[in-house]
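Subject: Structure for your files

Hello,

The sequence and the structure are below. My notes on the fold follow them.

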Amino acid sequence: MTELSPLDSAKDAAARAAVALVQDGMRVGLGTGSTAVFMVHRLAERVHAENLRLRLAATSRATCDLAGQLGLTIEELDDIGWLDLTIDGADEIDPDLNLIKGGGGAHLREKITAAASDRLIVIADPGKVVETLGAFHLPVEVIPFGWQTTRVHIQHLLETLDLTHRPMLKRQRDGRDFVTDEGNMILDLSLDVIADCKALSSGLHAIPGVVEHGLFLGLCDLALIGSPDGGVIEMTRPEVVA
Ligand code: 5RP
């Protein structure tokens with residue numbers, strides 16, 4: 001195997017630590033992105049070496065294809081029904097384990113899968129840990145019909161939240177509009193700092209045409225942050241005092 005870069009070593013360390021938590025008989029959701037690719041490889045190694053019997057659901061076509069190539073059987077989430085655990089990457093992780101996801105454009109399926117799991121474990125390199133969410137663009141999946149009108153509604157929402165004059169770019173890939181696995185498009189919002197994630201989340205959900213956004217609030221249970229030397233730091237959600 002070729003030697004990994006320091007960044008990839010960090011991703012692989014996080015992936016290995018998460019895969020070590022998988023037990024025989026579990027129902028597991030498989031995330032999307034470059035860190036999740038390491039996780040799918042490590043999981044496949046364990047499944048074959050230990051003859052693990054797992055039921056697996058994928059959060060994207062890309063992950064489904066990779067898993068198939070590695071000899072893993074992927075089922076529909078609806079056929080499994082509920083998952084013990086989902087392991088996924090993230091674009092930003094704050095100290096309360098709130099996340100921005102969707103850098104790979106899969107946040108809709110990722111959120112549905114995470115919400116159908118007892119635990120969401122996020123795997124990441126140290127560059128993903130932030131004090132406040134927002135430096136990474138916030139992906140918002142919108143349906144193509146009337147998308148420019150939807151965009152105006154989003155602009156109005158941002159103004160009410162004092163987030164005026166923020167660029168909102170239609171995501172492109174290879175010179176064309178990016179199309180999600182669900183056939184939708186993505187608007188990437190450059191917000192710098194999101195002071196009130198809950199208000200932004202509920203405001204976006206109230207706009208017709210918005211399918212889902214990349215804020216994952218209160219969904220993540222554990223973040224495993226790998227380092228290039230192979231070490232892993234665990235981040236857990238602070239206890240909420242009533
Ligand atoms: C895809 C995601 C990814 O998990 C997120 O973008 C992190 O990706 P990577 O591990 O490549 O940095 O949310 O929709």
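**What was found**

β4 and strand β5 (residues 99-100) pair in the antiparallel sense over 2 bridges. Two strands count as paired if DSSP finds at least two bridges between them. Helices (H or I, at least four residues) and strands (E, at least two) are DSSP runs, numbered from the N terminus. In this pair, E92 stands opposite I100 in β5. Both strands belong to an open sheet of 3 strands in the order β4-β5-β13, with antiparallel pairing. Its edge strands are β4 (92-93) and β13, each of which pairs on one side only.

Before the rest, the basis: this is a predicted model, in which local features need pLDDT of at least 70 and side-chain atom pairs count only at pLDDT 80 or more, while totals for chains, interfaces and linings use all residues. Residues are numbered from 1 along each chain as its sequence is written, and side-chain values use heavy atoms, with hydrogens and water left out.

The protein chain has 7 helices and 15 strands.

G29 has a bridge partner in each neighbour: T86 in β3 and A57 in β2. β1, helix α2 (residues 34-50) and β2 make a β-α-β unit that is right-handed, meaning that, with the strands pointing away from the viewer, the path from the first strand over the helix to the second runs clockwise.

**Helix α7**

Which residues of helix α7 (residues 197-205) are buried? They are C197, L200, S201, G203 and L204, where buried means under 20% relative accessible area, exposed over 50% and partly exposed in between (1.4 Å probe, protein chains only). Seen down the axis of α7, these residues fall within an arc of 170°, so they line one face of the helix; the arc is that of the directions from the helix axis to the C-beta atoms. They pack against β7 (138-142), α6 (147-160), β12 (210-213) and β13 (215-216), with contact meaning heavy atoms within 4.5 Å.

**The chain as a whole**

With 242 residues, a compact globule would have a radius of gyration near 18 Å, and the protein chain agrees at 18 Å. That radius is taken over C-alpha atoms, and the globule rule is 2.2 Å times the number of residues to the power 0.38. The C-alpha trace spans about 55 × 40 × 35 Å along its principal axes. Of the 242 residues, 49% count as buried. Among contacts between residues at least 6 apart in sequence, 75% join residues at least 24 apart.

G81 and L217 are 136 residues apart in sequence and 22 Å apart in space, C-alpha to C-alpha.

Regards
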